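Here is a short report on how one protein model is put together. Look at the structure first, then read on.

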Amino acid sequence: MTILLAGCGDLGTEAGLRFAAAGQRVVGWRRSPDKLPAEIEGAAANLSTAELPPVPADTTAVVIAVAADAPTEEAYRSAYLDGVAHVLDALERDRVTPERVLFVSSTAVHGDAGGGWIDENTTPEPAGFSGRIMREAEELLLKRLDGTGTSPIVLRLGGIYGPGRTRLIDQVRTGSAIIPDQPRFTNRIHRDDAAGAIVRLCTMSAVPSPVYLGVDNDPAELGDVLRFLAAELGMDVPSTGSLGDARGGNKRCSNALLRETGFSFKYPTFREGYRDILAGVGVRHP
């Protein structure tokens with residue numbers, strides 16, 4: 001049995017290493033396959049084009065984990081909407097029917113909830129083009145796999161942090177961090193837990209739900225995160241001010257459905273995750 005990683009950057013590579021450790025054959029599609037570790041069979045591919053490599057005939061699960069080249073509407077459409085379409089086209093072309101296709105999406109499809117709780121039953125209301133295009137890609141996946149025998153899975157990840165993903169740490173270190181003057185909830189997940197969730201949803205025996213929120217147990221206020229980092233770094237508490245529009249929207253995402261699959265977090269809150277990052281645990285994959 002083969003796992004196909006359509007898009008194999010930092011997150012895809014970490015998931016691929018976990019699939020391989022569990023005894024799966026793993027094939028990774030990316031533009032620079034020579035950067036992949038030996039455990040993943042690399043194949044050169046650009047998902048924004050229709051010319052994709054052959055899909056292994058024994059593929060049981062496909063993970064679509066792509067990233068836009070730039071923060072523009074055109075780049076997002078090319079990466080996510082075109083990427084999903086071209087992978088599904090390749091499956092049809094090669095007449096491969098995997099058990100599951102998982103698309104890594106974002107909680108950005110939910111926009112802002114005024115600090116309220118949301119879950120998989122909450123109607124998506126994306127605020128910007130990124131969330132809107134992600135939502136279009138989700139709908140494309142669900143529509144095209146309907147009735148095919150392949151289970152679609154949309155995994156909406158919160159803000160990914162981990163080795164090499166140190167935006168908030170850098171802000172605190174440089175003194176540019178600002179604690180918002182109004183409560184602002186944020187949702188995040190450590191890269192390793194995001195990879196673990198991908199593996200769990202692709203390999204568990206139970207039939208997966210079509211949508212999961214991939215966030216940790218603590219939708220924390222941004223101010224609490226910044227105060228924690230300042231204390232860990234021995235820095236002064238950041239100043240308070242207005243941040244304007246909320247990055248990612250002000251909402252609290254529930255991970256109850258993901259935890260019901262039996263998945264457990266290595267980093268249940270930002271505290272455990274950031275402590276490991278500050279201690280130099282883990283590496284970011286090229």
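## A residue in the core

This model is predicted. Start at Leu 141. Leaving out residues up to four places away in sequence, Leu 141 touches Val 84, Leu 88, Val 101, Phe 103, Pro 152, Ile 153 and Val 154.

Leu 141 belongs to the largest nonpolar core, which has 32 residues. Leu 141 is also among the residues with the most contacts inside this core, along with Trp 29, Val 62, Ile 64, Tyr 80 and Phe 103. Which elements give two or more residues to this core? They are strands E1 (2-6), E2 (25-30), E4 (59-64) and E5 (100-106), plus helices H2 (73-93) and H3 (129-145). H2 gives the most, with nine residues.

Now follow the strands. Seven of them form an open sheet, in the order E3-E2-E1-E4-E5-E7-E11. The pairing is parallel. At the edges stand E3 (41-44) and E11 (211-214). Each has a single partner strand, so one side of each has no neighbour in the sheet. On average, neighbouring strands are turned by 20° against each other, direction ignored.

E4 and E5 run parallel and are joined by four bridges. Ala 61 has Arg 100, in E5, as its bridge partner.

## A helix across the strands

Which strands does helix H5 lie across? H5 (residues 191-203) lies across E4, E5, E7 (151-157) and E11. It runs at about 150° to E5.

Definitions and conventions
Residues numbered from 1 in each chain as written. Predicted model: local features only at pLDDT ≥ 70, side-chain atom pairs only at ≥ 80, totals over all residues. Heavy atoms only, no water. Core = buried A, V, L, I, M, F, W, Y, C linked by side-chain atoms within 4.5 Å. Buried < 20%, exposed > 50% of the residue type's maximum accessible area, 1.4 Å probe, protein only. Contact = heavy atoms within 4.5 Å. Pairing = 2+ DSSP bridges. Axes fitted to C-alpha atoms, helices over the stretch in contact; angles between N-to-C directions.
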